[in-house]
Amino acid sequence: MLFPAEPFKIKVVEPIRKTTREERDRLIRQAGYNVFNLPAESIYIDLLTDSGTSAMSDNQWAGLMLGDESYAGSRNYYHFEQTVREIFGFRHVIPTHQGRMAENLLFSVAVKPGDYVPNNIHFDTTRANVEHKGGIAVDLVIDEGRDPYVEHPFKGNIDVQKLERFIEEVGPERVPLAMLTVTNNSGGGQPVSMENVRQTKRLLERYGIPLIIDACRFAENCYFIKEREPGYERKTVAEIARELFGYADGCTMSAKKDGLVNIGGFLALNNEEWAEKATQLLILVEGFPTYGGLAGRDLEAMARGLREVLDEDYLRFRIGQVRYLGQLLLEAGIPIVRPVGGHAVYIDAKAFLPHIPQAQFPGQALVVALYREYGIRAVEIGSLMFARRDPKTGQTIYPELELVRLAIPRRVYTTMHMNYVAESIIDLYRRRDQVRGLRIVYEAPVLRHFTARLEEVG
Ligand code: F0G
């Protein structure tokens, strides 16, 4: 099965080099078996993240030259504001340098200590920003969304009944807003259905609770709605997006994903009071409201990227490319999260390396092997990232899943690169019993996966 061929041709190329196994063996030891410590130039295919790694189009690069770097009132801001209003429909548009700043501003104005913020599943920075304001981030995805193998077209849906029970339990006055992350990154890049957004909105409206969308991968989510949800086959992705955001009161956006830019984001809101307070804070921490931590040229690239991402030939290719990689792995019997999500393929490392106990980081062991043997960089989403020590018993609490994410940058790699990745993983699977577990030799007290150092066991 071949996905639709690339709907672009390549005008500029960036060389990548395949290092030798000896070089990579040395580098990964020096890096303390942590791929965040590697020089990126030593990587052949980099699937660490799809964030900020997109290739911009000639149209976006041309837009950079039209950057108006006026401190206030840059024409690029007006273009950006108008674009966001047209696509998302919200009244107030606040530019930020990336997604987590939009989250920070939103929770700074909306969340008080002891408040609850429900979501399908919060992304790490979203959760961290809620907690930073003394709030409690709650994940209420449907049960199917936690099972890596059950097939469901919209595994990113929130459980509306659970949400209702939750609001009743804690009281609506303790829930200043609720969120939906589209697509649900922490749950495998799975989409949320329009029906689910509608039902969520209907429920929240009864309690007067605003709905805010984490819109990072909104175009990919809307493309899945077009593909999978009855009644949307003939709508354009732009129309679907307009309907989806029409049920919401605002959104946070990391344009480093579906904005097709290397830096940028925004907070968009209908609530006048929240927008005003967020703007005051923006001036304090990011910059004047017409640039928000970005250059004029960045705003122009973002305005253009937000339109390009709605192109359906692009989206067919994009979703198709990720699915193609997943399909190659599935056909070879590799355990991956199903169905394949929008931006990444997630390998079940527990099933891939059953001989490595969770205490020895099977996900990270797989990440290390992919780099050392093939020059591929992936990221662990398992015990290295999430295992916690129980403060009472001192025992380690392990996460349910040990996943390895292969995030595909947008418009960056070709079909042949996907074949290379698939063949490498299939090759490793054949000799997986040679992969060894790891132990930590250094860890920071918070977000340890970024800086931890490890060594091989045995
Ligand atoms: N929300 C979601 C769903 C995300 O995936 C991310 C970033 C953010 C918010 C924060 O945006 O990085 O611009 O501040 N995800 C990246 C990733 C880092 O690799 O998945 P940011």
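1. The shell around the ligand comprises 2 nonpolar, 8 polar and 7 charged residues. Here Ala, Val, Leu, Ile, Met, Phe, Trp, Tyr, Cys and Pro count as nonpolar, Asp, Glu, Lys and Arg as charged, and the others, Gly among them, as polar. The model is predicted: local features need pLDDT of at least 70 and side-chain atom pairs pLDDT 80 or more, whereas totals for chains, interfaces and linings use all residues. Residues are numbered from 1 along each chain as its sequence is written, and side-chain values use heavy atoms, without hydrogens and water.

2. Thr49, Arg100, Asp214, Ser254 and Lys257 come nearest among the 17 residues around the ligand (a heavy atom within 4 Å). Helix α4 (residues 99–110) gives the most to this shell, with 3 residues; helices are DSSP runs of H or I, at least four residues, and strands runs of E, at least two.

3. Polar contacts are pairs of N or O atoms within 3.5 Å. A ligand oxygen lies 2.9 Å from a side-chain N or O atom of Asn185, and a ligand oxygen is 2.9 Å from such an atom of Arg217. A ligand nitrogen is 3.0 Å from a side-chain N or O atom of Lys257. The protein covers 93% of the 470 Å² of accessible area that the ligand has on its own (Shrake-Rupley method, 1.4 Å probe).

4. Val446 is in the loop between β15 (438–442) and β16 (453–456). Val446 is exposed, at 62% relative accessible area (exposed means over 50%).

Key:
Buried < 20%, exposed > 50% of the residue type's maximum accessible area, 1.4 Å probe, protein only. Polar contact = N/O pair within 3.5 Å; in protein donor to acceptor, adjacent residues only side chain to side chain.
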